[in-house]
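Open the model in your viewer and keep the selection tool ready. The stops below say what to pick and what is there.

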Protein chains: 2
Amino acid sequence: MDTKTDLMSHHISQQFNTELEELRNNLLSMGGQVEKQVSDAIDALINADSEGAISVCEKDTDINSMELTIDEECSRILARRQPAASDLRLVLACTKASTDLERIGDEAAKIARFAISLTEQGEAPKGYIEARHIGNHVRQMVQDALNAFARFDADLALAVAKEDKSVDREYKSATRELVTYMMEDPRSITRVLNIMWVLRSLERIGDHARNIAEYVIYLVKGKDVRHIGIKRIQAEVFDK
Amino acid sequence: MDTKTDLMSHHISQQFNTELEELRNNLLSMGGQVEKQVSDAIDALINADSEGAISVCEKDTDINSMELTIDEECSRILARRQPAASDLRLVLACTKASTDLERIGDEAAKIARFAISLTEQGEAPKGYIEARHIGNHVRQMVQDALNAFARFDADLALAVAKEDKSVDREYKSATRELVTYMMEDPRSITRVLNIMWVLRSLERIGDHARNIAEYVIYLVKGKDVRHIGIKRIQAEVFDK
């Protein structure tokens, strides 16, 4: 069940092949745009670039439309082609993954809005290094999750799912430091809170990347691995 | 397309009818449990009841399993029955709604964890009234969204979608007050932040209830109304 050739099997109907290929391409192209939104939002925050931030907010509607288009394609394929086995898993993985990508887009837009608040209220005294670091980390997770989707690479997907724990640790440690800072300098609370919400959004992006990675494992391995934990995924699906 | 009789149309295969009915019942029963988790988590917070909070955390795994079961049923129906039109919409709405219900369950578990922290660190000096108020509000939204699903009631679903804006307003105003409080009493920051995260989770629950309401409108009216805003939903789908 593991190889790309099996997963993009050739159907008697050339049209059906094209439709599945198009669906996958649309998901990956949505993913590419979402990834760019995340990195643009982080850049806007770090560089106090409110124009850049506004542009991220504006582009969120494109992401939303892409989600609708993908879901429409999915229902059309389900209704007309009645896919089974790995084709059905591909369609279901696309409809689930598009929701997570849309939510990542929402979080990027939230980060951009906090970046705008911070340029208006003056920069936060702390938290940018952490935001950049966790930001790069989750952006990489999104990219890897999409690459795993593109290549039907379950091992890469497993690596993404594992990364989520380390993002959670980074997030917790950064939050703890920010709380200590706020206690020492209460006048900074509003600005530091803005950065805390940014970190929170980044942590959520990590969760969504992990979700997408889990759909890739479902797609390639045929087993739903949500909620079972990394150890059981390794043991039950990867024989590790 | 509007009536329940049309939506639960009788199929030549009695077995297919039973399967669709079972899927719907499972979703509603998952919804009932999730709603209880939300209200138990709020109660545990308000009453500083850490045992109650621990029980909410433990029950989250049941919610997770229910999501997997529903998605498994959905793929089985898609593969074997090749549903079309309103049957297909029902299956797709169930698979999407189960994800939102599972996330509501996650937020309830988060609230319970903050309730535990608060019993350990001592109560927060502020924010409980707001948590109870917004908590009741979003719990009612979840209940109404599920009732709308049970009765294929698009009008009730529209009302739920509208409520989300007012939850957002309540959340913003409560957060503002808490920030002011933290500045006045920096020693309370850690505890007040716990309550702020609770409010944040409640606000997210409102978003998920709105999502479910939108799937009900899609199911009943046949139009995907995500991302288009209440005014356009009313004009384009309800002729209001």
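**Stop 1: a charged patch**

Select Arg113(A), Lys165(B), Arg169(B), Lys172(B) and Arg176(B): together they form a positive surface patch. Patch residues have over 30% relative accessible area and no salt bridge, with like charges joined within 9 Å. Areas come from the Shrake-Rupley method with a 1.4 Å probe, and only the protein chains shown count as cover for residues. Lys and Arg count as positive; His and the chain ends are not counted. Charges are placed at NZ of Lys and CZ of Arg.

This is a predicted model: local features need pLDDT of at least 70, side-chain atom pairs need 80 or more, and totals for chains, interfaces and linings use all residues. Residues are numbered from 1 along each chain, chains are lettered from A, and side-chain values use heavy atoms, without hydrogens or water.

Now colour helix H6 of chain B, residues 154–184 (helices are DSSP runs, H or I, of at least four residues). Helix H6 gives the most to the patch, with 4 residues. Arg169(B) lies in this helix.

**Stop 2: a salt bridge**

Pick Arg232(A) and Glu236(A). They form a salt bridge, with the closest N and O atoms 2.7 Å apart. The rule is a side-chain nitrogen of Lys or Arg within 4 Å of a carboxyl oxygen of Asp or Glu. The pair sits 4 residues apart in helix H8 of chain A, so about one helical turn separates them. Over all chains, the count is 38 salt bridges.

**Stop 3: Leu28(A)**

Go to helix H2 of chain A and select Leu28(A). Its C-alpha atom is 7.9 Å from that of Phe149(A), 121 residues away along the chain.

Terms used: Patch = residues over 30% accessible without salt bridge, like charges linked within 9 Å, V, L, I, M, F, W, Y side chains within 5 Å. Helix = DSSP H or I, 4+ residues; strand = E, 2+ residues; numbered from the N terminus.
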